[in-house]
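Me: I have a chain to look over. Can we go through it in short questions and answers?

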Amino acid sequence: MSKSYVSTLIAILLAGAVSVAAWTGFAEDRKVLAKIGDVEITEAEVNMAGVDLDPQFAKLPPEQKKLAAIAALIDIKAMAIKGGEAKLDQTDSFKTRMAFLRDRALHNAYFESEVIQKVTDEEVRARFDKEIAATPPQNEIRARHIL
């Protein structure tokens, strides 16, 4: 394996660990922050939305991120209610998408419990060192151009 492949693999594993680990513990916080009709928006949902929607909120100041997550969830829940009333959840494309999202969530949960929690930093470092040692040395060329 090349150095860049190993580095990319480690980066993906770490990014997955951060996003999966960020979702743990959300179910415990059931404090209701907003309601849309009978539908409640909890602190746990706001925290999850903050993680899931974070790239969109990256440029916001930290104090505005929570408000943006609540506003996004209100919009999502309101549209979901309307989509349910229109029976869009009964379409084949919706059912296919939900099956995919379920599989992806199960994949992430399994990856968290069976890989992230069980692989130590020392094991990752040992594997990285082994892959680097097995990679044949290559000549590097450094070119500079002054304009």
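Me: What share of the contacts with a separation of 6 or more comes from residues 24 or more positions apart?
Reply: This is a predicted model. Its contacts with a separation of 6 or more include pairs of residues 24 or more positions apart. Those pairs account for 53%.

Me: In which order do the elements of the chain run?
Reply: The chain has six helices and two strands. From the N terminus on, they run α-β-β-α-α-α-α-α.

Me: Is Ala69 buried or exposed?
Reply: Ala69 lies in helix H4, residues 62–85. Outside the four places on either side in sequence, it touches Val46, Ala49, Gly50 and Phe57. Buried means under 20% relative accessible area. Ala69 has 1%, so it is buried.

Me: How far apart in space are Ala69 and Asn47, C-alpha to C-alpha?
Reply: In sequence, 22 residues separate Ala69 and Asn47. In space, their C-alpha to C-alpha distance is 7.9 Å.

Me: Which residues of H5 are buried?
Reply: Phe94 is in H5. The buried residues are Asn108, Phe111 and Glu112.

Me: How much accessible area does the nonpolar patch with Phe94 have?
Reply: Phe94 forms this surface patch with Met98, Phe100 and Leu101. Together they have about 340 Å².

Terms used: Residues are numbered from 1 along each chain as its sequence is written. This is a predicted model: local features need pLDDT of at least 70, side-chain atom pairs count only at pLDDT 80 or more; totals for chains, interfaces and linings use all residues. Side-chain values use heavy atoms; hydrogens and water are left out. Helices (H or I, at least four residues) and strands (E, at least two) are DSSP runs, numbered from the N terminus. Buried means under 20% relative accessible area, exposed over 50%, partly exposed in between (1.4 Å probe, protein chains only). Contact means heavy atoms within 4.5 Å. Patches are made of residues with over 30% relative accessible area and no salt bridge: like charges are joined within 9 Å, nonpolar side chains (Val, Leu, Ile, Met, Phe, Trp, Tyr) within 5 Å. Accessible areas come from the Shrake-Rupley method with a 1.4 Å probe; for residues, only the protein chains shown count as cover. A salt bridge is a side-chain nitrogen of Lys or Arg within 4 Å of a carboxyl oxygen of Asp or Glu.
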